[in-house]
Amino acid sequence: MSHPEVVEPVADSERSALLANPNNAHLVGSNGHLSVPGTPYSLSSTRTGSDTSVNRIKNLPGYKNYNFAGKSAQQDEVEDNVASKGFIPAELVNNEVVWFYHHLGIDDTYFANESVEVISDHILALYGAKLLAYTKHDPAKLVIDLEKITKEGESDKSPEGAVFIHTSPPGKKATVGPGASCEKRIDNLYLDSSTVEKAYRLETYRSQGSVSATAGQQLRCYFVTRCQFPGTPAQKLPDGTTDIRSVSDKRFLEKASEHTLDIYQFVMSNVETRYGPVIEVYEVEGTREMRVVIGYRMGGTAHYFSALSDLYHFYGLYSARKYVEQFANGVTIISMYLNPVPNSQAPPIEHSIYQVKKEASLLYCLPDNPFFAEEGIPHAVQEATYAYSGWIFAQHFCNRLGAAYLALKNVLDETNPSHEQVLNQIKRRFRDETFTRQYIADVIRDHPELIRLLYINFAMVHYPSHEEANQLGPTLSYQRMQVDHPLTDEELYTKIRRTVPNEHDQQVLTSFLVFNKHVLKTNFYQPTKVALSFRMEPSFLPEVEYPKTPFGLFFVIGSDFRGFHIRFKDVARGGIRIVRSRGVEQYSINQRMLFDENYALASTQSLKNKDIPEGGAKGTILPSIGANPRLCFEKYIDAITDLLVPGHSPGIKEPIIDLYNKPEILFFGPDEGTADMMDWAAIHARNRGVDSWKSFTTGKSAELLGGIPHDIYGMTSLSVRQYVLGIYKALGLKEKDVTKVQTGGPDGDLGSNEILLSSDKTIAVIDGSGVLADPAGIDRDELVRLAKARVMVSNFDRSKLSKDGYLILVEDQDVKLPSGEVIQDGTDFRNTAHLRFKSDLFVPCGGRPEAVNIANVSQLFDLDGKPHFKYVVEGANLFITREARLYLEKRGVILFKDASANKGGVTSSSLEVLAGLSLNDKEYADLMIFQDGKASEFYQSYVKDIQAKIIENAANEFSCIWKEYNRLKGAKPRSVISDELSSHLTDLQEELENSDLFDDKPSRLGVMRRAIPDTLVNKIGVDTILGRLPVAYQKALFSSWVASHFIYQFGVNGSAVDFFHFARDLAHRG
């Protein structure tokens, strides 16, 4: 799509006005002149960077003037109606009506859409307001506030929509009166909730005339109307983007000029082909007016329209007209006609408009930033966004435990479950009470000057100043950084300590300095983005809370979510989890615990990934209450991708300051709430230029993207089953005689496959819909039917139950069990049902983390100390806490923990990654993606290789743990042996990656032939595969295979001599 007709970019105008007004301190440069250190700035210099270019357009009407044909006749009716009210003296009625119709400058749209009665009421209200101002002897006190909201179906004469009219001084943010909230109300009532099915467009004008001959106030008029989209399908242009005329509102097409349609078409096409806002600036030829046009996907942000007003007001601009247009293809376009405030000494509009363009992208990410446009706090958007980022960082990482906790930790025995529980409770209490969100925000507000200095400290590292110096005149944001001599970290710390007497306040502000010191790269200054992302160097994490320091940490902040990604090795993989909140209280808890949950999940993933190349990783996303989880996920992925792919598109994605300065490859997978989002992420990675897009996500759909679904092929369940079968074999048990309780129902991956793969006597299944139980054994055929259909136990045929069986659903109340017990609340019963049943075997295949913990684990024992379950195979992640596991094992329960039992899924995902890295795009399309709905022979063979590898790894680890437990004669719990085995494996992997064993070519080739599945080797060849795999990945693959096979063969106590003999034979293992 070509750009609308433009003239060459304009040069910067004279800048003397920038220096003249001392009241504009937030806009000016340093020491009375504009300069970039080391680069003298010439008044005649021009901007050449694409993003700084301003396109000059001809001074043509953007929208056709609307002339209401019935205006004169309506005016006569209104005059008669006003006169009949008797409120305005008869001799003044004509004057008031004529002024309202012809001198206020209200657009004819208003008169065409409103009834005689409404217009009459507004004239009366205006007259009353003038009388009130007169009694106060101050025309400036005149405040007009007129509004009419018409709901759907409320009126036959007026269409659904709204009219708001109020007094509005140009270029000033109203803090009181109707102007203070009008645009926020329009956002909340109409714009933020717009969907393709029900969208609203907005026109708003500043009146040309004043409210009366004696009062100079102008009016701002807002007209909101319901969109009327065409009922025909959207038409495509030759470039594949949508023809704007085929998706436009009827009234918009009537009013928009061809010139505007061309501009909007260009913006719309870019919105469809990019992710994130499209921001264009046009200078209107022959005027001082600038037109800012912003396009984005409908619902991509919230409260954006009102936030943009605060932005241009901050830079001394006012809007003559503004439009918000919605389109049936899900695109929103905002157009603002901006002018410098008359008689002001604000910067030249060329400076201001460039800053508006830069910071509109930040506002898109955080339109509700409480630190911007706040009365009395002169933070620019960049400083306010930095303050917000530091606010979120401090909430998670202020060292809230301190010396008292450390002293207590040293006294207590963490291996004692009771002591560990006490420590956990104290930790949570410290976090709840020491630094609240409000307390941190108050500290930020109380110290705006320190926040500004901290921002400068941050910006001096990450602001792309080389671009400023080499190509541009200094922008306002760069000039703000030069106001003072930047303080060193030590000087800034000293200033905080000397300026702030309160120790806790110091700690909050010092956390900003910690944040600055550990940001390795960020998209903060990218021209376009949808959320903020920071790649952190994680050494700031206190060891007392986080014993193992992660390799990498990503911190993501959006308007409606926050998130993290933690990995413990360079090459690492793990799922992305959406943490949902059912209410404000749950959200508050999730907010406080988000990072800790992410850290724990990534740590567990590290243990689980013990025998694959990828180390442990995990991502978490916490949507705000009411936020769209899918949209939060998309923003999270895009923001992290900003830091993975070098930017080469001027004005869109540009190079960033990269202190890490190494390529990073991340592998994401599905987790709670994201299973159906992996396809989008992979395709988006491809569109963003990620070389490893085929491996960017696992859990992709098989047919469309060649993914290998765990549920269809039972990948996770295969490893869980090896532990169950291992117990049966070791103890000589017959499966048909074993009773079993299972959480996670037939609708889920683990739950359904556990049912399909087993032949035991299942007596209870607990899932999201309720509790199914039958002491005689649940009908196996009916369970299999549900599992194949992937539906919950609520669909169980009750006629298949024995006389003692029952099905209690979460919505049930006051239901009597066959035993006579009355269940008052089905949800409460479901939540604790896993604590009441007794069986030989317990296999958790679903449920929330910590469902069994030190506070309730005693309920799994009779009064005489006999356990409810003899054997536990923990299929669900973190279902049982560490201290609860130790409690169970100490009392004779044979337990295999999650990191060992359910690692089949990660093995499958790892080999899915390997296929994506090994095959080029054509091979991948031919071999992995289904053709005509059918898998290739290669795909089917590769799946079998994966299943065999899962069974092999799980059986090997089970055997190793069982032997080690027997060797120690039960002195060490199996869960501890599992952790130690994982630690030994990961430690040995790390040692091997840093050794020169990989450099021995015969050994390397011998291992690779064994580590890479035969199907892949036979099709592509080892040499070709190794030529495509990143070296870091090759080392990880080599080391993981050597470490796992050595330890599984020789145990955790394998000697150096054992390893010598093992390594000597590596070259012959092909």
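**Close-up 1. Arginine 201 and aspartate 249.** Arginine 201 is buried, at 1% relative accessibility (buried: under 20% relative accessible area; exposed: over 50%; partly exposed: in between; 1.4 Å probe, protein chains only). Aspartate 249 is likewise buried, at 0%. The two side chains form a salt bridge with an N to O distance of 3.8 Å (a side-chain nitrogen of Lys or Arg within 4 Å of a carboxyl oxygen of Asp or Glu). Arginine 201 belongs to strand S4, and aspartate 249 to the loop between strand S5 (219-226) and helix H7 (250-255), 48 residues apart (helices: DSSP runs of H or I, at least four residues; strands: runs of E, at least two; numbered from the N terminus).

The model is predicted: local features need pLDDT of at least 70 and side-chain atom pairs pLDDT 80 or more, while totals for chains, interfaces and linings use all residues. Residues are numbered from 1 along each chain as its sequence is written, and side-chain values use heavy atoms, without hydrogens and water.

**Close-up 2. Lysine 198 and glutamate 152.** The closest N and O atoms of this salt bridge are 3.3 Å apart. Lysine 198 lies in the loop between helix H6 (182-191) and strand S4 (200-206), and glutamate 152 in the loop between strand S2 (145-150) and strand S3 (161-167), so the pair ties together parts 46 residues apart in sequence. Lysine 198 is partly exposed at 29%, whereas glutamate 152 is exposed at 54%.

**Close-up 3. Arginine 790 and aspartate 711.** Their salt bridge has its closest N and O atoms 3.3 Å apart. Arginine 790 is partly exposed at 30%, as is aspartate 711 at 25%.

**Close-up 4. A salt-bridge network.** Lys521, Arg535, Arg567, Asp570, Asp658 and Glu664 are joined by salt bridges. The whole structure contains 60 salt bridges.
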